[in-house]
Amino acid sequence: MALSLYLAACMPFTIMACTSCSNDNSEDMEQSINLQNSTASTEGNGDRTFSVGGVDFKMVFVGHGTFTMGSSDTSVQFSESPAHQVTLTKDFLIGETEVTEALWNAVMGSSGGSATLPKTSVTWTQAHTFIDRLNELARSQGLISHNESFRLPTEAQWEFAAKGGNKSQGYLYSGSNNINDVAVTRENSGSDSPIRVKSKQPNELGIYDMSGNAYEWVDDRGAAYSSEAQTDPQQTTGSGYVKRGGSNYHRFSSEPYLFTTTGRYFYSSTDWTIGFRIALETDSSATAVAGIRADRNGKETIYDLQGNRLMAMNKSGYYIVNGKKVFKKL
């Protein structure tokens, strides 16, 4: 069963309210929530599948880790050098595919649209509006916990996922050194418009189309990299926004660098070649709470999944952590 109470360790001495607590700690069992036509399920490997308005979408578990971001190639149009070390400290998931027309419509209050074509002609701001609505819907339906949020991936998260995360084989493109295995290009599609998702092979994590097909917005502004090691970087100032992955508007034969896992493009508006992929970020520093127990004197104590006492409530109704009052029972 889903655990709906979390101790937000990243915010000292703060606790979120519990609406239902469970002692079921079978982490490898598939978990399902069915509320008002929306569902969420979790697989043993951390992948999660959601259904919103009858439209299914899968989020692939990426995790966290350290990798080399960028490249030493200085012949490209938009700088991807210098190569530098990046550490991502938070676990995250990323869409198996780009957001489809059908998912866009379901979240934005419309209906119809293709379940296999990526939603394109979306501005960076419109992508954020979609994500805000998805978060509101998902929380109201109990599909995600309070310490989780859908978002545009940062550029670093996007590149880590495109490279295969901790399963990376070091490919030039997302999943292969052969462009035709994994990427939709002008040459192999015969089109300059994005085609159906999942028409090529996935990368090491099971993610499709991170090279080619439709460009994808990330949550960063366009700017040169620093050579210094970075932790959870996000560029908030710069020239336009960053789109990643290349698209089949481009001919691979003339602009191959755009399809690599390091290729970048700075852009300010939108067009028929640009879509986006969502990430789901979780606060890995949070501690899941199994339940609240009362002793024979009626004193309530909160325990974690391993049975360790997290905090106790005093006679005045305050929960106590390390001798400090942190939360008053409602």
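Visitor: Where does proline 82 lie?
Guide: Proline 82 lies in the loop between strands β5 and β6, the latter being residues 84-95. Helices (H or I, at least four residues) and strands (E, at least two) are DSSP runs, numbered from the N terminus. This is a predicted model, in which local features need pLDDT of at least 70 and side-chain atom pairs count only at pLDDT 80 or more, while totals for chains, interfaces and linings use all residues. Residues are numbered from 1 along each chain as its sequence is written, and side-chain values use heavy atoms, leaving out hydrogens and water.

Visitor: Which peptide bond is cis?
Guide: The one from serine 81 to proline 82, with omega near 0°.

Visitor: On to valine 55. Is it buried or exposed?
Guide: Valine 55 counts as buried because its relative accessibility is 14%. Buried means under 20% relative accessible area, exposed means over 50%, and partly exposed is in between, using a 1.4 Å probe and protein chains only. Valine 55 belongs to strand β5, residues 55-69.

Visitor: What does valine 55 touch?
Guide: Leaving aside residues up to four places away in sequence, valine 55 touches Phe50, Ala102, Leu103 and Ala106. Contact means heavy atoms within 4.5 Å.

Visitor: Which helix does α1 cross, and how?
Guide: The axes of α1 and α2 come within 9 Å and cross at roughly 60°. That makes α1 oblique to α2. Under 35 degrees counts as roughly parallel, over 145 as roughly antiparallel, 65 to 115 as roughly perpendicular, and the rest as oblique. Axes are lines fitted to C-alpha atoms, for helices over the stretch in contact, with angles from 0 to 180 degrees between N-to-C directions.

Visitor: Which residues meet there?
Guide: From α1, Leu103, Trp104, Val107 and Met108 meet Gln126, Thr129, Phe130, Arg133 and Leu134 of α2.

Visitor: What sits in the loop between α1 and α2?
Guide: Serine 121 is found in that loop, with α1 covering 101-108 and α2 covering 124-140. Serine 121 has a positive phi of about 60° although it is not a glycine. Lysine 198, in the loop between α5 and β8, also has a positive phi, near 60°.

Visitor: Changing topic, how many aromatic pairs are there?
Guide: The count comes to 16 aromatic pairs. Rings of Phe, Tyr and Trp (its six-membered ring) pair if their centres lie within 6.5 Å; planes under 30 degrees apart are stacked, over 60 edge-to-face, and the rest tilted. One of the pairs is phenylalanine 78 with phenylalanine 266, tilted because the planes are at 55°, with centres 5.0 Å apart. This pair links distant parts of the chain, 188 residues apart: phenylalanine 78 is in the loop between β5 and β6, and phenylalanine 266 is in strand β11, residues 264-267.

Visitor: Are those two buried or exposed?
Guide: Phenylalanine 78 and phenylalanine 266 are buried.

Visitor: Which cluster includes Phe78?
Guide: Ring pairs link Phe78 with Tyr215, Tyr265, Phe266 and Tyr267 into a cluster.

Visitor: What sits over the ring of tyrosine 267?
Guide: The charged end of lysine 243, 3.8 Å from the ring centre. The rule is NZ of Lys or CZ of Arg within 6 Å of the ring centre and within 35 degrees of the ring normal. Arginine 221 lies over the face of tyrosine 241, at 4.4 Å from the ring centre.
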